[in-house]
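Trainee: I would like a close look at one part of this model, and then at how the rest is laid out. Please spell out each term as you go.

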Amino acid sequence: MKKEFKIIAKIIQDNNRVLDIGCGDGTLMDYLKKNQKNDVRGLEPKKDLVQKCISKGLSVIEGDAEKELIQFPEKSFDYVVLSQTLQAFLNPEEVLNQLLRIGKQTIVSIPNFGYWKIRLHLLFKGTMPITQNLPDEWYNTPNLHMCTIQDFVNFCNKKNIKINKSMCLTNEKISEITKRNMKYKNIFSQLGVFLIQ
Amino acid sequence: MNTDIKNIKKLIINQSLTLDCGKIIKDFPLAYETYGTLNKNKSNAVLTFHALTGDQFVTNINPITKREGWWTFAVGPGKAVDTNKYFVICANVLGGCMGSFGPKEVDPKTNKIFSTSFPVITIKDIVKAQKFLLDHLGIKKLLAVMGGSMGGMQVLQFVSLYPDMAYSAIPIACSASHSAQNIALNELGRQAIMADPNWKKENSTPDKGLAVARMAAHITYLSKQGLQEKFGRKLQDKGSLKFSFDADFQIESYLRYQGSTFVDRFDANSYLYITRAMDYFDLEKQYNGNLSLAFKNTKSKFCIISFSSDWLYPTSENKEIVIALNACGANVGFVEINSDKGHDSFLLNVPEFLKTLSEFIGSTYNEMNNEKRI
């Protein structure tokens, strides 16, 4: 399992109700269910991935988060997880509002567009950055709203969203983001993971 | 044919059942069939509900019609619902014509065939009758309840009536309340039967009416694309149009054949009663307009499946069930399977569907048996 999921699983701990948005093939869900006895549900737009999840005995609904989240009652999950998909929504702000409504707490991870390799790519090559985390070309990328760790934190502050935890990931190394190291982490992290409410 | 039907498995239910219409029935037969073996701790039982024109003979050769069972693709040894592993039960619905209490039976009070004096039955009545069978078989907890179309409606009704009885529930290509379009289509079939001069005549059957009903219904089970691909404008004989009303086109001949073979195996009055039961089905109304309340106490794990080209019970209607289940925090998975075979997809060889069904039941079986060990 990838490091990012390990961070998320560590935050969630045992015996909680979890909704995984864009759960993919259910790797995280499966781990949370089997190893941490969580009661897990998933939402995934791709049919083949939904079928994979159902085959594993995971309760996953085929659907698009921008349309489907409305059906879940308020605070019906202890944690709602959104892993690296916020930037792909047409209206990420609305999706985020829904997540905060459904979950007592929400875990959001974002690929950091402020990462130094991305900055250098744009600066020196003058073309849209392509990295390991962001492998697509500008014309076929699903990512519509890229942001940096700093952008996301600014957004939360502006919207009065409480950040309970902020972690980052660089070359598989996990560390905490603090006010003091923010500028530094915004340059050297590939991924930000936030626990918000 | 009649001698055979007397030899099939039947349970005479000697408890009384109060029907939704208010009438009470007692000492009535429920014909059923089982496949596979019930394991020691009775944890491998799957109750299967049949659709409008199905019966208890899910798989193998139907001993009455001598044709393959209606769900041979999905159920049987080594199939998605593997009868080497699971104990599959299916009962002929109340109102049916394969040995269960229905309009074809003799009314003991008059010694005449019930015909249209049979009480109007509902999906709820149909499901309650099958609960007696489970009690008789000594099954307290089912591994799964499953069914497509009207079978799916029974799944929904079952879990709402008996929230503790099924570990998992698989409603396929169905709806929680019959739509206006579906009521209209059923009414078309009923009117065709009732317009036949042989309907209600003693010693005769409204074969033409029933055949037309079946032809119309059959179209609704297929998709436009599926029909076009299979038949297009192909002619029956290689020659040209005959400038008559004979079956010029292959699709006409196909439908006529479907109609004519159907009347050999189905009772016209059963068709009236069962379509009525479907039309009356409105689970939302049973729970004062809040479908979520139907599932409030359910402990079942749901897997809801719809098909992309099904316009009779479209994905949107299946999704309403998903939404209601999510609203009450139930455990639900949902997938729409891509298929151009229309509503009938659940009965046909649609590999993605069969794979999903097989793996869902398999994983559920493991979970249920692991829980028992703990």
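Which residues in α2(B) are buried?

Mentor: First, the conventions. Residues are numbered from 1 along each chain as its sequence is written, chains are lettered from A and ligands numbered from 1 in the order in which they are written. The model is predicted, and local features need pLDDT of at least 70, side-chain atom pairs count only at pLDDT 80 or more, while totals for chains, interfaces and linings use all residues.

Now the helix. The buried residues in α2(B) are Ile123(B), Lys124(B), Asp125(B), Ile126(B), Val127(B), Ala129(B) and Gln130(B). A residue is buried if 20 or more other C-beta atoms lie within 10 Å of its own, exposed if 12 or fewer do, and partly exposed in between, with the C-beta atoms placed from the backbone.

The partners of these buried residues are β1 (10-13), β2 (17-18), β4 (28-35), β8 (87-91), α3 (150-161) and α8 (268-280) of chain B, against which they pack. Packing is judged by contact: two residues are in contact if their C-beta atoms, placed from the backbone, lie within 7 Å.

The length of the helix can be checked too. The expected span of a helix is 1.5 Å times one less than its number of residues. Helix α2 of chain B (residues 123-137) has 15 residues and should therefore span 21 Å, and its end C-alpha atoms are 21 Å apart, which agrees. After α2(B) comes Gly138(B), whose phi is positive, near 75°.

Chain B has 12 helices and 14 strands. Of its 374 residues, 47% are buried. Its C-alpha trace spans about 75 × 50 × 40 Å along the principal axes. The radius of gyration is taken over C-alpha atoms, and the globule rule is 2.2 Å times the number of residues to the power 0.38. For 374 residues a compact globule would have a value near 21 Å; chain B has 20 Å, which agrees. Among contacts in chain B between residues at least 6 apart in sequence, 70% join residues at least 24 apart.

Chain B is divided into domain 1 (2-179 + 282-373) and domain 2 (184-273); such bounds come from an automatic or database domain assignment. The centres of domain 1 of chain B and domain 2 of chain B, taken over C-alpha atoms, are separated by 26 Å. In their contact, domain 1 of chain B takes part with 21 residues and domain 2 of chain B with 13 residues. On the side of domain 1 of chain B that touches domain 2 of chain B there are 7 nonpolar, 10 polar and 4 charged residues. Here Ala, Val, Leu, Ile, Met, Phe, Trp, Tyr, Cys and Pro count as nonpolar, Asp, Glu, Lys and Arg as charged, and the others, Gly among them, as polar.

The other chain is chain A, with 8 helices and 8 strands. Its C-alpha atoms fill a box of roughly 50 × 35 × 30 Å along the principal axes, and 43% of its 197 residues count as buried. With that number of residues, a compact globule would have a radius of gyration near 16 Å; chain A has 16 Å, which agrees.

Some strands of chain A can be followed through their pairing; two strands pair if DSSP finds at least two bridges between them. In strand β4 (residues 77-83) of chain A, 6 of the 7 residues are buried, so the strand is largely enclosed by the rest of the structure. Strand β1 (residues 17-21) of chain A pairs with β4(A) in the parallel sense over 4 bridges, and Leu19(A) has Val80(A) as its bridge partner there. β4(A) and β5(A) are also paired in the parallel sense, over 6 bridges, with Leu82(A) opposite Val108(A) in β5(A).

Strand β5 (residues 103-111) of chain A in turn pairs with β8(A) in the antiparallel sense over 6 bridges, and Thr106(A) stands opposite Ile196(A) in β8(A). Strand β6 (residues 163-170) of chain A pairs with β8(A) in the antiparallel sense over 6 bridges, and Lys165(A) has Leu195(A) as its bridge partner. In β8 (residues 191-196) of chain A, 5 of the 6 residues are buried.

Last, the two chains meet: 15 residues of chain A are in contact with 21 residues of chain B. On the side of chain A that touches chain B, α3 (47-55) and β3 (59-62) of chain A each supply at least two residues, and α3(A) gives the most, with 5 residues.
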